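Thanks, everyone. Have the structure open as we go.

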Amino acid sequence: MKRTEIVDKVEELVTPIIDENDFELVDVEYVKEGANWYLRVYADKDGGITIDDCVLISRALEVKLDEEDFIQDAYILEVSSPGLGRQLKKDKDFKRSLGEKVECKLFKAINKQKEFEGILKDFTEETITLEVDETELIINRKEIAMIRLAIDF
């Protein structure tokens, strides 16, 4: 089974758990780090997700994963909040982050610059609009290497 198929299947299994508890599924990833495979589920809710919420999701999902048993490799299941500095990938991530300060790294420079920080003003399927130093900058989404919420300390 391909990695994308595993992620899709896990999303399908975890969605009812997420929905019945009024959580929001932010992302699912299945990645190899070093010698270990990690199955990560990122969930959120208004006011932020708690450790108890993560445990609830994890236990309910473990039962379903054991029943279905479709992942061949040994893996570590992690359920957590999306956390600070999470990447924006899907339209719902962009929608949730409208008006927020974001960091954006590009594959190739615009005006000799590859990194921008600004307020996410708008997005479409093809572009995002950032307000950088009171100037609107429209960037094609396919030119974005990484975009995430900015972390201010």
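**Helix α1 and what surrounds it**

Start with α1: 18 residues, reaching 26 Å from its first C-alpha to its last, close to the 26 Å expected at 1.5 Å a residue. Keep in mind that this is a predicted model.

The helix does bend. The angle is about 35 degrees, at V14. A proline, P16, follows within four residues. After α1 comes D22, with a positive phi near 55 degrees.

Which residues of α1 are buried? I6, V7, V10, L13, V14, I17 and I18. In an α-helix there are 3.6 residues a turn, so residues three or four places apart point the same way. What do the buried residues of α1 pack against? Three elements: β1, β2 and α2.

Now the largest nonpolar core. It has 24 residues. V10, V41, I57, L61 and L65 have the most contacts inside it. At least two residues come from each of α1 (3-20), β1 (24-33), β2 (36-44), α2 (51-68) and β3 (75-80). The largest share is from α1, with seven residues.

Look at V41. Beyond its neighbours within four places in sequence, its contacts include V10 and V14, L61, and L77.

Last, the hairpin. β6 (residues 127-132) pairs with β7 (residues 135-140), antiparallel, over six bridges. I128 has I139 as its bridge partner in β7. Two residues lie between the strands. In that turn, D133 has a positive phi of about 50 degrees.

Note on methods:
Residues numbered from 1 in each chain as written. Predicted model: local features only at pLDDT ≥ 70, side-chain atom pairs only at ≥ 80, totals over all residues. Heavy atoms only, no water. Pairing = 2+ DSSP bridges. Core = buried A, V, L, I, M, F, W, Y, C linked by side-chain atoms within 4.5 Å. Buried < 20%, exposed > 50% of the residue type's maximum accessible area, 1.4 Å probe, protein only. Contact = heavy atoms within 4.5 Å. Expected span 1.5 Å × (residues − 1). Bend = angle between axes of the 7 residues up to and from the residue.
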